[in-house]
Amino acid sequence: MLKIFVSKDNLPRLVDRLMADNQVLGPVREGEAYRFRALKEARDLDLNFQNTRLSPKDLMHPQTDPLFAYSLRKDDPEAGILKELPRQTAQRVVLGIRPCDAKAFQLVDVNFVTDTYRDPWWEARRNATVLVGLGCTQPCSTCFCTAVGTGPFDSSALDVLMTEVEGGYLLAAVTEKGEALLQDAPEAQSATGEMAEAAEKIALEAAKKVAKPFVIDPLKDKPQTELFGAEFWEEVQFACINCGTCTYLCPTCWCFDIQDEVQGDRGVRLRLWDACMFPLFTLHGSGHNPRSQKLQRVRQRFMHKFKYYVDKYGDGPACVGCGRCVQYCPVNIDIRRVVAMMSASCVCPT
Amino acid sequence: MSEWEPKIVAFLCNWCSYGAADLAGVSRLQYPANIRVIRVPCSGRINPKFILAALRHGADGVWVSGCHPGDCHYIEGNYYARRKFALLKSLLEHTGIDPRRLHFSWISSAEASKFAQVAREVVETVRAAGPSRHFIKTLPQGEAAWGQATAELQAEVV
Amino acid sequence: MHAYTEKIRDAARRLLAEKKVDGVIGFRRGTLPLMNEPVFVRHVDHVDQLIWDGNCGINLANYLTKRKDRVAVVAKGCDSRNIVVHIQENQITRDQLHILGVPCQGMLDRKGILRALNGREPLEVEETDSQVRVSGEGFQEVFARREVLQDNCKICIHRNPVIYDELLGEMVEEPTDVDRYEDVRRLESLSVEERWNHFEELIASCIRCYACRNACPQCYCPTCFVDESRPQWVGKSLDPTDTRTFHLLRAYHMAGRCTDCGACERACPMNIKVRQFTKKLEKDAKELFDYEVGIVLEERPPLDTYRPDDPQDFIK
């Protein structure tokens, strides 16, 4: 596959050219944190970041997503008929996404694109987007991507992998979509073998820096019910205040709620992020709540990611080790500790 | 916007201010028709949610009226209400809501002329403040249907 | 300040051994620098988990709501005031509690320190009474402790517990020269439109995760107004109107109940200064009703009482 080199000075020119035909999104510094935003100009792009505070999942699954609009006007012959609102179709390039965050899209794909149902909103956004990932040379102390099956230079969910090498970036196409993007780039030169070698070395070094706080393999064979009934949940849940920070910052948490909002005689049907941490998420119309207790909700989040997902899809876990929940949990519930307990509770075959 | 008329939601307590409105009616007192009355059992029943909901649904002003202190049908409901209103009004103004949009009064059921008088005052003050837009929701995604609905709601003149 | 750790452990050990309490609520060392985790210790063997340092900013009164058992709880000034409010509001009874009071020198502002480090990751933190030494890969920074306290701690005038069963250290001196409302007055001096814009900007990054709500000990309604659907008082979208409604109503629920413990700001992942809403209410409650929250157990909260001559200049 095509590999090109772009010097740091030339990168803005490349971005400018991409912006002519695509919507280009990238990490932008906002105050003290970074966030993925549509770039207004090439210089907004700031690649000197460890990772964004919010995961880029809202690029595919916006927190508020208006799906349909309808009229309730009595004299409107089409009153009450849902009309689909336009979907994302414009081509987008996401520059500088971390390999872990891109991997998260792939993990969430199994939920939105299945044999029986293909979510048109998710799929449209996914298809319209080219992911240019930036390999991670300075993982945070809270990162554990390699423990959950991805890594700082994992290109498996990317279209292009960018590696910062001396003087610039090596851009390696991973998919055909990526190759098409890199072709005919006057700002670039073709990469030399030495560059590719240097990039590989950087990737290996980076992977070594990532901590591996637990081993997940034993979890696969552990019966769900045993983990479900484990005693340690009581301890894990104590500190939890049931806010939605972990789920809202998580790149793989996909749960949502559908709500109609009516103003006057018009309405909109919205898809909104929801979270298993909130009691309302599971409240039935009857008033019964199968997860009325904090313990049940806390357990659900970890079990979903590390057990149910794995068992259901034979893949995963549904965690990419970005460490956001570790850094931002207001009461320091550390997923690394919890998963270590989950796997330690396994009776592992020696 | 020359045709614009302010819309005011008035929460009137059942025992005093609502009676005053009634008396104003049977006494043929004139007051502007910009007021939509919602009858509540007591001014103590007013929850800040009601006031925000009124603004969210397009009210340009909110007026809450109850019995004079000491005259509450429930003995002390309006005393509690008075404390709540003091803090609420101050908080809303502090966060940037025009003080001209929020009004409180004590009007007994015998004070029909005070009712008409305060109604005029409230309407004129809100009129001077102009249409309230701060709490009218428009989805940032700017879907045509939604924006249109809001515009129509605002333009609606009764 | 670290001397409390041993005293907390001793007290916990004694209380558990004598079966005076079913458990002890305190902190254990966090997995991150500048973070500790609230913990419930039930057994004497686990007492050594308990620690105390400048990273115990989470308000432990939050873990007392509607408890049925008898517990010991470690309480700094603000926690103790929230415990008072909890008792006033019948969320727990006094005799269910054994309060281990810890006079407090202020809690460290983790976000402020992270901001000062400007992207460098702290890996180790050493704290003394006057200094905080933060080190990471290739750097070391020393901060004066008082410079890196949480905003609310910098203006705190109730560092000592107001209610306790045993006090685990000498009372500290309460500052008397603090201007608690300087920031509120600054906002008050702006025009209405400027204030609207100020708050609009303040909450623009809110993601509605409700960490501010849930971190607050005083937020314990069985059904929060944001979850009410008939009628629905506030939309769930990120529309600024919805966000504003949420913050206004959340703040108003704190009227006459907020102790300015800073839990909300501490919890916010987006670093929104949500105390700007509640501090105004605190100032008003003080000025209008001469009430300070959570000081006197027998007093009723200001919205649960009245005086015939309460101010009413704003009422026609």
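Start by selecting the surroundings of helix α10 (residues 275-289) of chain C: its buried residues (20 or more other C-beta atoms, placed from the backbone, within 10 Å of a residue's own) are covered by elements including α3 (77-94) of chain B and, from chain C, α4 (151-154), α5 (182-188), α6 (192-202), α8 (240-253) and α9 (263-267). Helices here are DSSP runs of H or I with at least four residues, and strands are E runs of at least two, numbered from the N terminus.

A word on what is loaded: this is a predicted model, where local features need pLDDT of at least 70, side-chain atom pairs count only at pLDDT 80 or more, and totals for chains, interfaces and linings use all residues. Residues are numbered from 1 along each chain as its sequence is written, while chains are lettered from A and ligands numbered from 1 in the order in which they are written.

Now show α10(C) itself. Among the buried ones are R275(C), F277(C), L281(C) and F289(C).

Zoom out to chain C, with its 10 helices and 9 strands. Its C-alpha trace spans about 60 × 50 × 45 Å along the principal axes, and 48% of its 316 residues count as buried.

Finally, hop to chain B and pick S17(B), A20(B), A21(B), L23(B) and A24(B) in α1(B), which meet A112(B), K114(B), F115(B) and A116(B) in α4(B) (contact: C-beta atoms, placed from the backbone, within 7 Å).

Definitions and conventions
Contact = placed C-beta atoms within 7 Å. Buried ≥ 20, exposed ≤ 12 C-beta atoms within 10 Å, placed from the backbone. Expected span 1.5 Å × (residues − 1).
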